[in-house]
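The entries follow in the order in which I made them.

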Amino acid sequence: FPLSCNAMAGSSDKIFVGGLPRNCSDEVFSTYFGQFGNITDVVVMKDRETGESRGFGFVTYDSPETVDKVIARAADHKIHDKWVDVKRATPK
């Protein structure tokens, strides 16, 4: 079978997730997105002062195909009954 190449244009193994509920923990975040594939890294961005979620985070999967699956269902993603915005993360 063909090997996937991470250098392909538009391919990324990382997603950006916005609109997270304030009370969303790393565990809830990783459990939700873990159902789509094998996660290699999860980060919920936190406020330095308060330690509260800043409302967004990143999930890195072990393959761009998993990202494609997650992005394809972008309209369905909810955490704590709140719709979250999922986009392909683009390297800066």
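**Terms first.** I take buried as under 20% relative accessible area, exposed as over 50%, and partly exposed as in between, with a 1.4 Å probe and protein chains only. Helices (H or I, at least four residues) and strands (E, at least two) are DSSP runs, numbered from the N terminus.

**Source.** This is a predicted model, in which local features need pLDDT of at least 70 and side-chain atom pairs count only at pLDDT 80 or more, while totals for chains, interfaces and linings use all residues. Residues are numbered from 1 along each chain as its sequence is written, and side-chain values use heavy atoms, with hydrogens and water left out.

**Confidence.** I checked pLDDT, the predictor's confidence in each residue from 0 to 100. The protein chain averages 87, and 87% of the residues score at least 70. Over residues 1-9 the pLDDT is below 50, and beyond near neighbours in sequence this stretch has 6 contacts in the model; contact means heavy atoms within 4.5 Å. Where pLDDT is low, the predicted coordinates should not be read in detail.

**Layout.** I found 2 helices and 6 strands in the protein chain. From the N terminus on, the order is β-α-β-β-α-β-β-β. Of the 92 residues, 32% count as buried. Among contacts between residues at least 6 apart in sequence, 61% join residues at least 24 apart. The accessible surface (Shrake-Rupley method, 1.4 Å probe; for residues, only the protein chains shown count as cover) comes to about 6,000 Å², and 53% of it belongs to carbon and sulfur atoms.

**Helix H2.** Which residues of H2 are buried? I listed Pro64, Thr66, Val67 and Val70. Seen down the axis of H2, these buried residues fall within an arc of 150°, so they line one face of the helix; the arc is that of the directions from the helix axis to the C-beta atoms. What covers them includes E1, H1, E3 and E6.

**Helix H1.** In H1 I noted Phe29, Tyr32 and Phe33 as the buried residues. Their arc down the axis of H1 is within 85°, so they too line one face of the helix. Glu27 and Thr31, on the other side of H1, are exposed. The buried residues of H1 pack against strand E1 (14-18), E2, strand E3 (53-61), helix H2 (64-72), strand E4 (78-79) and strand E6 (85-88).

**Tyr32.** I then took Tyr32, which lies in helix H1. Tyr32 counts as buried because its relative accessibility is 16%. Leaving aside neighbours within four places in sequence, Tyr32 is in contact with Asp76, His77, Lys78 and Ile79. The C-alpha atoms of Tyr32 and His77 are separated by 8.9 Å, with the two residues 45 apart along the chain.

**Pairing of E1.** Two strands pair if DSSP finds at least two bridges between them. I read E1 and E3 as antiparallel over 5 bridges, with Phe56 in E3 as the bridge partner of Gly18. E1 and E6 are also antiparallel, over 4 bridges, and Val17 stands opposite Val86 in E6.

**End of E3.** Thr60 is found in strand E3 and counts as buried at 13% relative accessibility. Not counting residues up to four places away in sequence, Thr60 touches Asp13, Lys14, Asn38, Ile39, Thr40 and Asp41. With the same exclusion, the contacts of Tyr61 include Ile15, Phe33, Asn38, Val67 and Val70.

**Asn38.** Is Asn38 buried or partly exposed? Asn38 counts as partly exposed, because its relative accessibility is 47%. I found Asn38 in the loop between helix H1 (26-34) and strand E2 (39-46). Beyond four places in sequence, Asn38 touches Thr60, Tyr61 and Asp62. The C-alpha atoms of Asn38 and Ser63, 25 residues apart along the chain, are separated by 8.1 Å.
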